Amino acid sequence: MTILVIAEHDNNELKPVTLNTLSAAQAIGGDIHLLVAGSGCQSVADAAAQIPAVAQVLVADNDAYEHQLAENVSKLVQGLAASYSHILGASTTTAKNVLPRVAALLDVNQLSDVMAIESADTFKRPIYAGNAIATVKSADAIKVMTVRGTAFDPVEGAGGSAEVVNLSDVCDAGTSRFVNEEIAESERPELTAASIVISGGRGMGNGENFELLNKVADKLGAAVGASRAAVDAGFVPNDMQVGQTGKMVAPDLYIAVGISGAIQHLAGMKDSKIIVAINKDEEAPIFQVADYGLVADLFEAVPELEGKL
Amino acid sequence: MKVLVAVKRVIDYNVKVRVKADNSDVDLANVKMALNPFCEIAIEEAVRLKEAGVADEVVVVSIGSKSCEEQIRTALALGADRGIRVDTEDAPDSLSVAKLLAKVVEKEAPGMVILGKQAIDSDNNQTGQMLAALLDRPQGTFASKVAVDGDKVQVTREIDGGLQTVELQMPAIVTTDLRLNEPRYASLPNIMKAKRKPLDLLTPDELGVAVSSNLTLLSVEPPAERQAGIKVSSVDELVEKLRNEAKVI
Ligand SMILES: Cc1cc2nc3c(=O)[nH]c(=O)nc-3n(C[C@H](O)[C@H](O)[C@H](O)COP(=O)(O)OP(=O)(O)OC[C@H]3O[C@@H](n4cnc5c(N)ncnc54)[C@H](O)[C@@H]3O)c2cc1C
């Protein structure tokens, strides 16, 4: 049994979530190959080769894969698939875009957002905004799945020396083209990898007031997130949305500020170790999942909190 | 250009689902059902394309039992011109749905297919991508902006790092994210009018698709419940607890 894992990267850096996905692959068992599809991505391939859990790194370095367009990468993976029992990617917008396409090309289903490996063919995954956990058995010849990073501890990233194989196949569907990207630059840790997250909701009132949270975040080394309401209102960009249809986080500490606690928001953060809620409405549902609740006006409580850290 | 929109009947997003006592599945008996919110956004986008003169017909398709005609009628009330139901048991897997939709697309030959990025029941986020693969057409997933320009469409996508814009050769498949638009409400006259709009029935047999699945649902459990915590009375107490009790700062 050999498993193919799709590396998450931006052509320069291998993203840490790849290590969590590899951990899920290890739980399935068997040899693990890691695919780096990109352009000018040698540094990613080098980093990939250092991971002890990886037996072989496959590198597809070509312009056609620069932006990991689903039309092209799915065909590349389809061509490799016959050698593998499982194909795994992280639950990121990149893999969620590509892997269902791979699955359909292989005439198999995809298991989305797998959170536990029961055996090589049986997996647990959340449904209904995490209000139910399904155990699903797949009889497909090749199991294609995305994996929830926060549900698996990362494997070691260094000390290995995997064989590197360069792939020469170029799959360019020619039907899609990258135009541009607006990527948020931030000095703060990445939301899904941070050990502390502080998020703001509609109660923040406007985008400027998120500065109150940024100051706390800077003191704690935290990432800053948001509810859908805060994103929809234009306070902050979409990449900050935590929840069922945004990002799933599970930090050691999650601080929800001016967030009511709708099921869709809870779906994205209720696996956090410690949850703090600051809300002026003592009936807010967020208090039902909070370890520590503070009923207070956030405009007083948050600056005070910042002062005392 | 014709736009085809695929919609799904799901539990209403305000309802917190319960797991059946025998852990065989979730309990949907007497639960309020609705149009999947992302599908509402898909309908809205198609109707706006028609209002802008870019599209000339909006066809809505749903796959499922008779009950999902209620959601097709909702889509018709929101502005779709006609409906198609493909008659199946309630929840075929994503691959089967994509195969059925691919056949409907071959029949209807739309310039664009719009779907929700995910259904809030199965939370799969797959069908649009699978449909695009089966048709060998490009996809613009998690769309927050759709701009048609001749035989191409530019789709701005919500990605983990921010926004990405891609240009797709049409026919193209688009899946909607939350910020694409704000769906309208159906007016009473439009709800009445929708009752008279055409709704055709197709079967998987007619489409030449055998609906089956390699996935078996073994059990469904409720998630681990969190213990309710405590209320602290001041910021001082909060900081003290986080430092000395939880030891997370
Ligand atoms: C298809 C779909 C997908 C969705 N996906 C997501 C998702 O991924 N993530 C997500 O978050 N939501 C999602 N939602 C939206 C969700 O249902 C809620 O609408 C949203 O989470 C509410 O955000 P909020 O808590 O910030 O706003 P509200 O519910 O309006 O709550 C604001 C809170 O702020 C408090 N407040 C106000 N002023 C102050 C103050 N001065 N001091 C202290 N507290 C104050 C209020 O008491 C209130 O509790 C989704 C909805 C749908 C239909």
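Select Leu298(A) and the ligand: a backbone N or O atom of Leu298(A) lies 2.8 Å from a nitrogen atom of the ligand. This is a predicted model, in which local features need pLDDT of at least 70, side-chain atom pairs count only at pLDDT 80 or more, and totals for chains, interfaces and linings use all residues. Residues are numbered from 1 along each chain as its sequence is written, chains are lettered from A and ligands numbered from 1 in the order in which they are written, and side-chain values use heavy atoms, with hydrogens and water left out.

**Stop 1: around the ligand**

Stay with the ligand. Now select the elements that give two or more residues to the shell: α6 (228-232), α7 (263-266) and α8 (298-307) of chain A, together with α1 (37-51) of chain B. Helices (H or I, at least four residues) and strands (E, at least two) are DSSP runs, numbered from the N terminus.

The ligand lies between chains A and B. How many residues surround the ligand? There are 29, and the closest are Arg202(A), Ser227(A), Gln241(A), Ser260(A) and Asn279(A). A residue is near a molecule or strand if one of its heavy atoms lies within 4 Å of it.

Colour the shell by residue type. You get 11 nonpolar, 13 polar and five charged residues. Here Ala, Val, Leu, Ile, Met, Phe, Trp, Tyr, Cys and Pro count as nonpolar, Asp, Glu, Lys and Arg as charged, and the others, Gly among them, as polar.

Next, pick Lys280(A). A polar backbone atom of Lys280(A) is 3.1 Å from a nitrogen atom of the ligand. Then pick Gln244(A), which has a backbone N or O atom 3.3 Å from an oxygen atom of the ligand.

**Stop 2: the cores**

Select Val5(A), Leu22(A), Leu34(A), Ile51(A), Val57(A), Leu88(A) and Met145(A). They have the most contacts inside the largest nonpolar core, which has 42 residues. A nonpolar core is a set of buried Ala, Val, Leu, Ile, Met, Phe, Trp, Tyr and Cys residues joined through side-chain atoms within 4.5 Å. Buried means under 20% relative accessible area, exposed over 50%, partly exposed in between (1.4 Å probe, protein chains only). Helix α1 (residues 17-28) of chain A gives the most to this core, with five residues.

Zoom in on Leu22(A). Beyond its neighbours within four places in sequence, Leu22(A) is in contact (heavy atoms within 4.5 Å) with Val5(A), Ile32(A), Leu34(A), Ile51(A), Val54(A) and Val155(A). A second, separate core has 39 residues, including Val3(B), Ala42(B), Ile114(B) and Ala119(B).

**Stop 3: two residues that touch both chains**

Go to Ser112(A), in strand β5 (residues 110-114) of chain A. Is Ser112(A) buried or exposed? Ser112(A) is buried, with a relative accessible area of 3%. Not counting residues up to four places away in sequence, Ser112(A) touches Arg125(A), Thr146(A), Asp123(B), Asn124(B) and Gln126(B).

Move to Gly162(B), in strand β11 (residues 162-169) of chain B. Gly162(B) counts as buried because its relative accessibility is 2%. Leaving out residues up to four places away in sequence, Gly162(B) touches Glu182(A), Ile183(A), Asn238(A), Asp239(A) and Arg157(B).

**Last stop: chain B**

Look for seven helices and 15 strands. Of the 249 residues of chain B, 53% count as buried.

Terms used:
Polar contact = N/O pair within 3.5 Å; in protein donor to acceptor, adjacent residues only side chain to side chain.
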